[in-house]
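Please read the points below with the model open beside them. They are meant for someone who has not seen this structure before.

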Amino acid sequence: MAAQQTERAWVFDTRELVRRPGTMREVSREVTTTEPLGTDVIAIPAGAPVQVELRLESVVEGILATGEARATAVGECVRCLDEIVDEIDVPFQELYAYPDRAAHHQQVAGRSASEKDASTDEDEQRVLDDDLMDLEEVIRDAVVTTLPFQPVCRDDCPGLCSLCGARLADDPEHEHDVIDPRWSALASLATPADDDEKRT
């Protein structure tokens, strides 16, 4: 029951606005995520709160949802693997069409485009379900496109040493004595000769 209530937290009732163009309602709600929202490297973690500020506007085609989602994203720097905590404010806007309007739009699209193009339009259009709109997918998509593809803890992060894995930001002078591989063969040849000299 708790899981079902959490899933319904992303669903907003628009009955007060349906078929009343020009009317508007503002809603503020905190939603707790049931799974991460984001990418593998940075995301709003499961169980975290998301503050949703929403404006619902009745238009001829349906209900226009405009708002923003505020939350804390957690991830790791792709260079040094340090934790990143980022406060994000994600804007979104989506039109949820009335079912009859959506059906009419699909018929018109089917007449003026190929069958493939019409099916694409159908997939992209969101439709009210019993005067309810589910914003979870809309907000998820907005969060994913807002978060950095390769997050870094700072723009000039030097990362980790490729030889020992040391964090270079902690020791800017960090370095290793590296023998040129072209000389390594000569070094191995010198050892038997030294032993021969000791025996004589």
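1. R126 is in contact (heavy atoms within 4.5 Å) with E94, L95, Y96, A97, E137, V138 and D141, leaving aside its neighbours within four places in sequence. It belongs to strand β8 (residues 126-127); helices (H or I, at least four residues) and strands (E, at least two) are DSSP runs, numbered from the N terminus. The side chain of R126 also makes a polar contact with that of E94, at 3.5 Å. A polar contact here is a pair of N or O atoms within 3.5 Å; within protein, one must be able to donate a hydrogen and the other to accept it, and residues adjacent in sequence count only if both atoms are side-chain atoms.

2. This is a predicted model: local features need pLDDT of at least 70, side-chain atom pairs count only at pLDDT 80 or more, and totals for chains, interfaces and linings use all residues. Residues are numbered from 1 along each chain as its sequence is written, and side-chain values use heavy atoms, with hydrogens and water left out.

3. The average pLDDT (the predictor's confidence in each residue, from 0 to 100) is 82 for the protein, and 74% of the residues score at least 70. Over residues 1-5 pLDDT stays under 50, and the model has zero contacts beyond four places in sequence for them. Residues 118-122 also stay under 50, with five such contacts.

4. R126 and D141 form a salt bridge (a side-chain nitrogen of Lys or Arg within 4 Å of a carboxyl oxygen of Asp or Glu), with 3.7 Å from N to O. R126 lies in strand β8 and D141 in helix α4, so the pair ties together parts that are 15 residues apart in sequence. A network of salt bridges links E94, R126, E137 and D141.

5. By this rule the count comes to 12 salt bridges. One of them joins the side chains of E35 and R140, at 2.8 Å from N to O. E35 counts as partly exposed because its relative accessibility is 39%; buried means under 20% relative accessible area, exposed over 50%, partly exposed in between (1.4 Å probe, protein chains only).

6. Which residues of α4 are buried? They are V138, I139, A142 and V143. These cover an arc of only 130° around the axis, which puts them on the same side of α4; the arc is that of the directions from the helix axis to the C-beta atoms. Their cover includes β3, β4, β5, β6, β7 and β8.

7. The largest nonpolar core has 37 residues, of which V52, L54, M133 and L135 touch the most other members. At least two residues of this core come from each of β2, β4 (42-44), β5 (49-58), β6 (62-76), β7 (83-97) and α4 (136-146). A nonpolar core is a set of buried Ala, Val, Leu, Ile, Met, Phe, Trp, Tyr and Cys residues joined through side-chain atoms within 4.5 Å.

8. L54 is placed in strand β5 and counts as buried because its relative accessibility is 4%. Its C-alpha is 5.7 Å from that of E26, although L54 and E26 are 28 residues apart in sequence.
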